[in-house]
Amino acid sequence: MTSPAAAGLTPGSRFYQALGDTCEGFERAHTLPGACFHHPQILGLERTALFELAWHPVARVEDLAAPGRFRRVELLGQPLLLTRASDGRLHAHYNVCLHRGSRLVDAPEGELEQIRCPYHAWCYSLDGELTHVPRQAEVPLRRLAPVGVTEWQGYVLVNLDADAPALQTQWQDLPDLSAYALPSLRLAHREVYEVRANWKLLCENYSECYHCPGSHPQLARISDYVGGGDKTAPGATHFGASFNGGPMALRDSVGTMSMTGRARLPRIASVPPSDQHLVHYYVIYPNLLLSLHPDYVLLHVLTPTAPDRTRVSCDWLVLPEALRDREAIEDAVQFWDLTNRQDWQLCERNQDGVRARGYAPGPYHASEECVHAFDAWYAGWLRTALAGAAGER
């Protein structure tokens, strides 16, 4: 891969100046330059300086509820092992033996009393400590290579940087989510999509509903895209905000977002009356899309796999008692699966366009404050990352 300098992406370049235009105030700002969406050098920088330093949901807490439970996951191509030790503490390590690097665990999930390498039988406790080496009198006090791990709103999150700042530090400005009782919800359905578009185009698409009347007839029938209150588009700098978003109102005759529009799932009791007819949408930087409904919650996790490819994992979360009503769940799943696929088609068309020589950054529509908030956050981050990469040469 070429360096940022060889790719013309250094401070002082036209590309760098265009990122500065995106960081301008809303009325003066221009959209991101096209290279942000297809240049391999930019994706490489995003992986090492953004995604590998970010917190990612990789499992549900209920998957690891009891001591002895484990789950094998992969994040950004890295093999990881999650365990719940006998003291109840959660741990995350690379699924790699200290001896010669063998994969330790093959099963996707289950229960373990210890971690035993199939190659040379080196053994580890569930907290990662090396406990036994065959035919060696003294066991060196070494541990499996750790990664950062924490619990958040019913999810297990990991960070490939074992010394990463606490999640609460990175997301300290998030709205109060307690009314939606997220830790008590359960996974009702998960759908995984492969989208032929850059991950940032998906974030931009989610941040506006300017496209909704012409592209989402079912959603437009259910929800008033211009109603619901003020959008939240906090400070645009890299360190000044961790999200953007806001509410949209359901139409008067609608009970929930589903194919029928009927409210059949039990309502989350702690959601206040003022929010019973609203759906709140948040982009949590860099790659989480959180949709809060009065009766269920959606979480999209975006993982870039190529400059023009994104894997999207979408979870539908409901109250435990709602799991019995599969028909009501399917009503909500079908609605958002249809809406998702409509959005992915739009993003793929967008991807084709931003690669063209004829594309040039332009102004934002008056309804795209949240798109600008995301773009300006990203442009500020990328300018900082490019300046850092230039300083390392």
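**Confidence.** I looked up the confidence of this predicted model. The mean pLDDT of the protein is 93, and 93% of its residues reach 70 or more. I then checked residues 235-239, where the pLDDT is below 50. Beyond near neighbours in sequence, I found 8 contacts for this stretch in the model.

**Aromatic rings.** I looked up the aromatic pairs and noted 15 in the structure. One of them is Y285 with W377. I recorded 4.4 Å centre to centre and 20 degrees between the planes. This pair counts as stacked because its planes are under 30 degrees apart.

Where in the chain do Y285 and W377 lie? I found Y285 in the loop between β14 (278-284) and β15 (288-292), and W377 in helix α8, which covers residues 369-391. The two are 92 residues apart, and the pair links distant parts of the chain.

Are Y285 and W377 buried or exposed? I noted both as buried.

I also looked up the aromatic cluster that holds this pair. Its members are F51, W199, Y285, F374, W377, Y378 and W381.

**A charge over a ring.** I checked R60 next. Its charged end sits over the ring of Y155, and I wrote down 4.4 Å from the ring centre.

**A loop residue.** I looked up S86 and found it in the loop between β3 (78-84) and β4 (90-94). Why does S86 count as exposed? The relative accessible area of S86 is 73%, and the cut-off is over 50%, so S86 is exposed. I also noted E113, which is 27 residues from S86 along the chain. The C-alpha atoms of S86 and E113 are separated by 8.8 Å.

Methods:
Residues are numbered from 1 along each chain as its sequence is written. This is a predicted model: local features need pLDDT of at least 70, side-chain atom pairs count only at pLDDT 80 or more; totals for chains, interfaces and linings use all residues. Side-chain values use heavy atoms; hydrogens and water are left out. Rings of Phe, Tyr and Trp (its six-membered ring) pair if their centres lie within 6.5 Å; planes under 30 degrees apart count as stacked, over 60 as edge-to-face and the rest as tilted. Helices (H or I, at least four residues) and strands (E, at least two) are DSSP runs, numbered from the N terminus. Buried means under 20% relative accessible area, exposed over 50%, partly exposed in between (1.4 Å probe, protein chains only). A charge sits over a ring if NZ of Lys or CZ of Arg is within 6 Å of the ring centre and within 35 degrees of the ring normal. pLDDT is the predictor's confidence in each residue, from 0 to 100. Contact means heavy atoms within 4.5 Å.
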